[in-house]
Amino acid sequence: MKISTDKKISLLKKMVLIRVFEEKTEALYHQELIPGFVHLSIGQEASTVGSCAALRPDDYIISTHRGHAHILAKGAEPKYMFAECFGKTTGYCKGKGGSMHIADFSKGILGANGVVGGGFPIMTGAGFSIKLRNTDQVGMVFFGDGASNRGTFHEAVNMAAVFKLPIVFVCENNQWASTSPAEKMVAGGSVANRAHAYGIPGFITDGSNVLKVLEAVQEAVERARSGRGPTIVENETFRYKGHFEGDRQKYRTQDEIQHYRMHRDPIDRFQTVLIEEGVLTKKAVAAIWAETKTFIDEAAQYGLDSPLPKPEDALKDLFTNP
Amino acid sequence: MGVRDLSCSLAMAEALMEEMEQDETIFIIGEDLTAQGGIFGQFRGLSKKFPDRLIDTPISETSIVGAGVGAALTGMRPFIDMHFADFVTTAMDEIVNQMAKIRYMFGGQATLPLVLWAPDGGGISAAAQHSQCLESWIIHTPGLKVVAPYEPADVKGLIKAAIRDDDPVVFFQHKRLFNWTGPVTEEEYVIPLGKAAIKRPGKDITILTYSRMTYECMEASRALVQNGIDAEIIDLRTLCPLDFELIAQSVKKTQHAIVVHEACLTGGFGAELAARINEDLFEYLRGPVVRVAAKDVPMPFSPVMEKYVLPQIPDILAGVDKAMKNKRPDTNIPHAVNNQT
Ligand SMILES: Cc1ncc(C[n+]2csc(CCOP(=O)(O)OP(=O)(O)O)c2C)c(N)n1
């Protein structure tokens, strides 16, 4: 697959954006400025950015509890995301959702779901809707290795296969579902393997290589868009942080994490390639980081400076016609 | 033997330890049980002692709960960890159509000695899908016993009773109470299901509550004393079977009652209690039975809104006020026990 220089640079920028956003979120959480649960995607940037890069602005995604990266990759604005994480009225969901439930329906982001496996059946409905409305949109549902063990996954994949729905199932296999290793919990060797049972294609990609992810997902998206049905793409990746912020992580060693960071960090790898190829200079890469940091600091500040909701706002938005 | 302070999670772990030592048919099934002693520390020490009897499963709640039902039917005593009470939704058929019905539908042939353990409740900014109190759904399903204690000592005694009971017991425990500590005797004891407890004796009004709202009611009672109101606080502990005897005793004495729960108002257990009291104790009542509950919306994330939705001490005080003002005159209450002497 031929990927333009501009596209490559934009892939790097998106990954850096996610990393910086997540590191800022981590810091803000530990300063006790973000209440509730926070699940970070640091380490998984290539999987998410490569996948969303294959989509059009009018395509749909559904995200998970670990959702910041998906939402950023689909084009959401960090300042409204921070505001949501702080529970401010300027947040995407006016402070009703928080870190675990960010959505921007205007950008095709049908929401981050706190129920593991909650997104699969909903995307099936978006798939029917696309068919009935006769558009050529595509729906992409993100999920973890753990979620592939919910019955909802199997029902939705079968339904999508039966009706050739335009859906790409993107598994971000970060090796762990909370304290449970994928190796032990996912029968059949891989999530992608399960595709064969439903007669649809399933691919495993090196989820730390953004170009490899893009290539596989692009093919799946084209298949969906041209009416040939769903695909499962499983990106092998790794989460560097705890399951949630505050997780003691007794179930794994720091060595395991360090090893991945040293050898397979998705951003380090891609930067090195771009510098070697002469696409970017070291200085240009440094500038991307610096600009992103300023941008994210400003976005966070916007959120911090925003007003809190009024307590009675809790009663709004329950019904369209109360 | 002495008394020591234990948290609710340690009281629970101790109850499980004692029961599992005595009965080999007990096993625990659910997600993330062993790596860190359960996500709330509620299983601390158990996997070391009983490595084969804690089963860490994939994220497959439908099958976790269904497996509990099947194992109970075939000679085991499963303790099912629902992870978060909100996820009962993912196994509703297993709970409502299977667990609750199998014994009755098959003419009493089967027993289902299982516990479905579900940590519930809000107040931790966990937003709409991780903050619910869903006991009403379960209570509205005949065939399920329901427990929702508050104090560590009650947690311990009731976990033991729930495990020993031959019927399905849904055991709710509030997430904000896991670190709540209180005295627990070292001696072994069991608290029978179906027995409420008076946590504060009083004579002016009966406050019926359970789970974490017991704490709020105890706090509210101090402010009430300053207003000259001596409230009797009853922690129901078990919602099904219900200790209506104790409720009736108290209401006959105080002639006023309110119900306080964290679940939202409409269709909540407070409605059931108010109806029961109204039907059976009407002649003793001098005021309306008032419900204090969360507002009828999903739980919002932002702490300012969440606090507004959840019942707070001023809401309890307002509830008491509403129940006690506009009293019916004494003369209308022929059977009332006069304790105003
Ligand atoms: C139905 C349901 N069960 C359990 C949970 C609790 N829980 C939240 S995240 C998680 C692990 C999810 O693992 P995975 O799907 O692999 O995603 P990852 O966290 O690795 O991104 C669990 C068990 C939940 N939110 N919803």
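Reader: Thanks! Is S178(A) buried or exposed?
Author: S178(A) is buried, with a relative accessible area of 13%. Buried means under 20% relative accessible area, exposed over 50%, and partly exposed in between, using a 1.4 Å probe and protein chains only.

Reader: What should I know about the model and the numbering?
Author: This is a predicted model: local features need pLDDT of at least 70, side-chain atom pairs count only at pLDDT 80 or more, and totals for chains, interfaces and linings use all residues. Residues are numbered from 1 along each chain as its sequence is written, chains are lettered from A and ligands numbered from 1 in the order in which they are written, and side-chain values use heavy atoms, with hydrogens and water left out.

Reader: Back to S178(A), where does it lie?
Author: S178(A) lies in the loop between β5 (176-177) and β6 (180-181) of chain A. Its phi is near 55°, a positive value in a residue other than glycine. Helices (H or I, at least four residues) and strands (E, at least two) are DSSP runs, numbered from the N terminus.

Reader: And K164(A), what is its phi near?
Author: Phi of K164(A) is near 50°, also positive in a residue that is not glycine. K164(A) is in the loop between α6 (151-162) and β4 (167-173) of chain A. K164(A) is partly exposed, with a relative accessible area of 45%.

Reader: What comes just after α1(A)?
Author: E32(A), which takes a positive phi of about 60°. Helix α1 itself covers residues 5-30 of chain A, 26 residues in total. From first C-alpha to last, α1 of chain A reaches 38 Å, close to the 38 Å expected at 1.5 Å a residue; the expected span is 1.5 Å times one less than the number of residues.

Reader: New topic: how many helices and strands does chain A have?
Author: Chain A has 12 helices and eight strands. Its radius of gyration is 19 Å, close to the 20 Å that the globule rule gives for 322 residues, so chain A is as compact as a globular protein of that length. That radius is taken over C-alpha atoms, and the rule is 2.2 Å times the number of residues to the power 0.38.

Reader: And chain B, how many helices and strands there?
Author: Chain B comes to 12 helices and 14 strands. Its radius of gyration is 20 Å, which agrees with the value near 20 Å for a compact globule of 341 residues. The C-alpha atoms of chain B fill a box of roughly 65 × 45 × 45 Å along the principal axes.

Reader: How much of each chain counts as buried?
Author: For chain A, 59% of the 322 residues, and for chain B, 58% of the 341 residues.

Reader: What about contacts in chain B?
Author: Residues 24 or more positions apart account for 82% of the contacts in chain B with a separation of 6 or more. In chain A that share is 73%. Contact means heavy atoms within 4.5 Å.

Reader: Which peptide bond is cis in chain B?
Author: The bond from C240(B) to P241(B) is cis, with omega near 0°. P241(B) sits in the loop between β12 (238-240) and α9 (244-254) of chain B.
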